[in-house]
Amino acid sequence: MISKTKVSQVLFWISVAIVSIGFMENINALRYNLMVPLLGLGWVLHFFYSDNKIDRNSTKSFILVSLLIALIALPSLLKIYPHAHNLVKYTYYSFVVGMMVKIFSAYSIFVFLKGDINKLEKMIKYVIIFNLSMFFLQFFVVFPTGYYIDPLRAITGEPSRYGGGIVIPVIGQVYRCTGFFEEPSTYAGFIVVLLASKLYLNPKVDKVVLVAAASIILSFSVAAIAYGLIVIGYFFLRSKPSYLKYILFILSPVLVAAVISIALDRLTSQGGNAQDIRDNLNTMVFAQQLPILIFGNGALGIMPAAAYVMNSTGAIYQLGIASLNDNGMWLFFIIKFGFVGLVAITSYLFFKTKSTLNRIMLFVILLTKLSFLYFGFVFYFFLIFNNKPVLEDGQSNIESDVD
């Protein structure tokens, strides 16, 4: 007979695997081919070899969030103006079922770990370490050798976009490492979500958190540099006084200037085209009729001016605009649910997160290029919906090795 302790350990590592795979948005449907067997094995172990108790609070959250998902898409299905159903291939069924699979996956993690916040925080920490390991392996190999380790290409055949087109003195070619993702900005966005989830359960800024935050900036995505500096800056302000802190404070203008210089070089290396298509996306969104701006196009709709291309070829760049979530999650919320939807979700999460640290991480998540339809954000939302935050105490929670 397998002991409950061993079953608990197996369920913990199954949870690490499920979340790690779930966050790999760029391997598409392959994620579910890997996650479903793991979920099945996890539930078998939970029912037959564990105490098979179902966490009541998590189950209640699963039911409520599932109902919320089913309800928010109804106006699109019923075509209640201004919500529309102008994405022909994106049905109510596909939206609800797709989201339900992600919610159920997140819920399963809470069941497997029995809602234990210490185990949840530890599990998230291992997922962060898993992603950091690949990122820094790429980083320390590609800069001296020019050879890029590309797991995404090995898995899907699609190469990662690690080339930055930037050359600077001393360092030479600047590469933008992507981890298990297609673009550096996607890597940075998911690391932000993982950090926000970990810090929600444990506000202590340890070495793993600091290294993860540094990797956001070292991805050399222009947007990631901006919000990475916000995160690092807050950690710096909250840290204990030390000689290292004073030295870094003195050097910070030079470090920030160097990072900004790389970001500007990245922008100019694109010949202005990258920024132009982002500006065009903003123009198209805010040129919509006022009711659409207020309430959005709905879960099954997008801007009328872009619907035809999305339904025919899906190549939205033909309209001269960026991907719908390229300018940040905040804009994607406006596209789908208008300013009302953006205010509603941010207000709920703002009041639920309670602490300054959690609210800064929420703000940064809204700046990322991630979609709220991704598993990563679904996991983060479910965590906040289901759990109260572990708040910072009056003293600093940031480790200082040099006093």
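In this predicted model, F375, G376, F377, V378, F379, Y380, F381, F382, L383, I384 and N386 are the buried residues of helix α17. The helix is therefore mostly covered, with 11 of its 12 residues under 20% relative accessible area. Helix α17 runs over residues 375-386, and the distance from its first C-alpha to its last is 16 Å, close to the 16 Å expected at 1.5 Å a residue.

F379 also has a place in the largest nonpolar core, which counts 117 residues; F379 and M123 touch the most other members. Helix α8 (residues 184-201) supplies the largest share of this core, 12 residues. Leaving aside residues up to four places away in sequence, F379 is in contact with V19, F23, A106, I109, F110, M123, I124 and S197.

Most residues other than glycine have a negative phi, and most peptide bonds are trans.

| Residue | Phi | Loop |
|---|---|---|
| N28 | about 55 degrees | between α1 (4-23) and α2 (30-48) |
| K354 | about 70 degrees | between α15 (329-353) and α16 (356-367) |

K354 has a relative accessible area of 48%, so this residue counts as partly exposed.

The peptide bond between Y81 and P82 is cis, with omega about 5 degrees. P82 is located in the loop between α4 (74-77) and α5 (92-112).

Note on methods. Residues numbered from 1 in each chain as written. Predicted model: local features only at pLDDT ≥ 70, side-chain atom pairs only at ≥ 80, totals over all residues. Heavy atoms only, no water. Helix = DSSP H or I, 4+ residues; strand = E, 2+ residues; numbered from the N terminus. Expected span 1.5 Å × (residues − 1). Buried < 20%, exposed > 50% of the residue type's maximum accessible area, 1.4 Å probe, protein only. Core = buried A, V, L, I, M, F, W, Y, C linked by side-chain atoms within 4.5 Å. Contact = heavy atoms within 4.5 Å.
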